[in-house]
Amino acid sequence: MEQALRGQASPAPAVRMLPTYVGSTPHGTEQGDFVVLELGATGASLRVLWVTLTGIEGHRVEPRSQEFVIPQAVMLGAGQQLFDFAAHCLSEFLDAQPMSKQGLQLGFSFSFPCHQTGLDRSTLISWTKGFRCSGVEGQDVVQLLRDAIQRHGAYNIDVVAVVNDTVGTMMGCELGARPCEVGLVVDTGTNACYMEEARHVAVLDEDRGRVCVSVEWGSFSDAGALGPVLTTFDHTLDHESLNPGAQRFEKMIGGLYLGELVRLVLAHLARRGVLFGGGTSPALLSRGSILLEHVAEMEDPSAGAARVHAILQDLGLSPGASDVELVQHVCAAVCTRAAQLCAAALAAVLSRLQHGREQQTLQVAVATGGRVCERHPRFCSILQGTVMLLAPECDVSFIPSVDGGGRGVAMVTAVAARLAAHRRLLEETLAPFRLNHDQLAAVQAQMRKAMVKGLRGEASSLRMLPTFVRATPDGSERGDFLALDLGGTNFRVLLVRVTTGVQITSQIYSIPESVAQGSGKQLFDHIVDCIMDFQQKQGLSGQSLPLGFTFSFPCRQLGLDQGILLNWTKGFNASDCEGQDVVNLLREAITRRQAVELNVVAIVNDTVGTMMSCGYEDPRCEIGLIVGTGTNACYMEELRNVAGVPGDSGRMCINMEWGAFGDDGSLAMLSTCFDASVDQASINPGKQRFEKMISGMYLGEIVRHILLHLTSLGVLFRGQQTQRLQTRDIFKTKFLSEIESDSLALRQVRAILEDLGLPLTSDDALMVLEVCQAVSQRAAQLCGAGVAAVVEKIRENRGLEKLAVSVGVDGTLYKLHPHFSSLVAATVQELAPRCVVTFLQSEDGSGKGAALVTAVACRLAQLTRV
Ligand code: G6P
Ligand code: BGC
Ligand code: BGC
């Protein structure tokens, strides 16, 4: 089993382990009318069923069914003949059904080893069990059936799914205390299936969810694994069978063969004079004369000696009393071995299931089907007893299938139809998040237009704020500086020592929501308290070091140390600050707190601090990008293009405040109803629309709203809305980073969603993952379109054919999300192919940058003083 799961080719594993694309066990909510065609489960017969699923747990509608005997010639003839026969039986059955026959959906139970490449695509590997039609092996049997139905032309039937009978048996299992995750069939043939972790099935290269695997254990021992157990009777039977050398294990267990084994043993004993006084009969010597039913009866103690006598007489024998007992003994031996072998194989499946899930013990239900299980008096009890011996750590309950798997096949068809419908709804919901090249290029062009307007001081959603930072550090800066870093996830106070290198000592302080949304006085008093605490801890009390203030909010700067707060963003909303010079607010708080006079030299935006911080290592770093709680970018613009700042030569860093891009409605074509919900629920509705599509404060909320929507459509969580999922901000953006991590995605998804108290199936988990991927991908692409607009602006500013430039980046989302940075880089490359853009992740945050800006200002101030 494990060799086959790993995809080992040689030596070929003794069992095939075929994935079936059935990825979930029934919900119980499946409903609808389905036609089921069963071929191969019960040997020389074909069954058609009309199954109605009510979707109400425990409420069953008895399926209507009809069995058709397949002529031997058809079982051994041309494949087309077999499928035409099936299509004919289908229409004969449907003719007799009173219900409407519009939009018929069919589940095809095809009980032979097949390579499945989808729920409705399956290629026959080899025939078993008395079938040997030509022109079918290697073909897609669904297509052969569709073609036959078409040829027949009576009904328009959509073949939605093809299922192995073991899968139908498992899926037909009544919902009970424990999930039914194993299906066992012992009829003419034998086989089992079970729910394996998809990541263990090499051919699937899918590391998420579970998938039902058809073991195809009938072929076990082909390589001699069971040599010592095989008897001469087994070899004789195999030798005379339709497929010598194949299905050796099945030929010791399957109902098609048990009668023959008994016959061979009886004939052998008769020849040896042990039975029937050494007499035989033509019937006893002819193959296939003893059937499963005979064995079951003869072995059944309640049938009694008289019945055995009668059967043997029918075979032309005249048994004595001891013969009858001996014959019963032979039947019991053959069937006991079959049941024990079957149990050994099932125990192997159970321990595989247990180890695959890394569980100490396993609680599982096994659905059993097939006439050997159903009709053979002792088969199941021997099977169960032996399993308990061989797999003691597995607590197994056996659930007999009620209708031979027909309902199970309808369940798979219903699941297939439901999954297809859910997938359509999921795709419809996520389609607006899948931005194509043209849409991204349009955003880039829109942003470029808004940049130019903003620089000219015209109405634009991009304020393009001059920062008075004219130069990046040149390495000659020296000294100790204090720095504050406010506006990201954490508020930090830093001591930055600039010598030949930069040493940083910092401390994180929290800004409670009550302070961030309290009064401005309270906020700045809190900031000064933190500074004083830091100074005291660093032994700096009484010292008045130059201070650089990273203030990550839109400020109109009138100078390096003057910044008028235009509006709060990112959940801040302290009163009496907007329209104020925040450096002043800080100085007033210092005075109020009688703290040592601090020399506030510069106020910088975190994008500027980040650019400067990275620029210290890489002078080509002329752009700063933040993708964290909020998002924004700055870059070095030609002064000649900056209206309102005197001078035409040289450059100045411009804080774009791109979070507000689209506040003029220019992004409406991309905005979804989920974006609108997040915006309306925010403390600044209508503002920061670009930010609300990209940054960490909002992505989790967008995902939550999509999950609520998909739940209301019944696509997720069985349509059950939970209080938790209706709670704002309960789906953290960091969950996206965890969920989308390549390694253990599904376990992460499960753990996270179970923590949120959500009832979860693996399909749900996969869909949540896709929702997260769509939302974060859009965010990264939009961010990439923004960066592309900036680098192209710089390239054209400088009249360059090609531009090589670096971008200093910071922010939790950009740093922690597994794919965000590469998606941004890919989008920039696609939209700005003439720019070679290097992204530098800032290690020390923008506090260092603020200190460097301060150091440059101090250096320049010194120069003017001398
Ligand atoms: C770093 C910088 C801050 C910036 C923050 C943004 O921490 O030092 O100045 O505001 O990144 O990211 P965040 O994810 O914390 O919002
Ligand atoms: C087939 C299996 C089937 C089993 C029980 C075997 O011969 O290979 O696909 O599940 O019989 O019907
Ligand atoms: C602010 C910017 C800041 C960005 C990243 C936005 O909400 O308006 O000033 O640069 O967040 O922190």
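Trainee: How far is a polar side-chain atom of D165 from an oxygen atom of ligand 2?

Mentor: The distance is 2.5 Å. A polar contact is a pair of N or O atoms within 3.5 Å; within protein, one atom must be able to donate a hydrogen and the other to accept it, and residues adjacent in sequence count only if both atoms are side-chain atoms.

Trainee: What are the ground rules here?

Mentor: This is a predicted model, in which local features need pLDDT of at least 70 and side-chain atom pairs count only at pLDDT 80 or more, while totals for chains, interfaces and linings use all residues; side-chain values use heavy atoms, without hydrogens and water. Residues are numbered from 1 along each chain as its sequence is written, with chains lettered from A and ligands numbered from 1 in written order.

Trainee: Back to ligand 2: how many residues surround it?

Mentor: There are 15, and the closest are T128, N164, D165, E216 and E250 (near means a heavy atom within 4 Å). A polar side-chain atom of E216 lies 2.5 Å from a ligand oxygen, and one of T128 lies 2.8 Å from a ligand oxygen.

Trainee: How much of ligand 2 does the protein cover?

Mentor: The protein covers 100% of the 310 Å² of accessible area that ligand 2 has on its own (Shrake-Rupley method, 1.4 Å probe).

Trainee: New topic: why is strand β5 largely enclosed?

Mentor: Strand β5 (residues 104-110) is largely enclosed by the rest of the structure because 6 of its 7 residues are buried. Buried means under 20% relative accessible area, with a 1.4 Å probe and protein chains only; strands are DSSP runs of E, at least two residues, numbered from the N terminus.

Trainee: Which strands pair with β5?

Mentor: β2 (residues 31-39) pairs with β5 in the parallel sense over 5 bridges, and β8 (residues 157-163) runs parallel to β5 with 6 bridges; pairing requires at least two DSSP bridges. Q105 stands opposite D158 in β8.

Trainee: And the aromatics: how many pairs are there?

Mentor: The structure holds 22 aromatic pairs. W127 and F131 are stacked, at 5.7 Å centre to centre and 20° between the planes. Rings of Phe, Tyr and Trp (its six-membered ring) pair if their centres lie within 6.5 Å; planes under 30 degrees apart count as stacked, over 60 as edge-to-face and the rest as tilted.

Trainee: Are W127 and F131 buried or exposed?

Mentor: W127 counts as buried at 5% relative accessibility, and F131 is buried at 2%.

Key: Buried means under 20% relative accessible area, exposed over 50%, partly exposed in between (1.4 Å probe, protein chains only). Helices (H or I, at least four residues) and strands (E, at least two) are DSSP runs, numbered from the N terminus.
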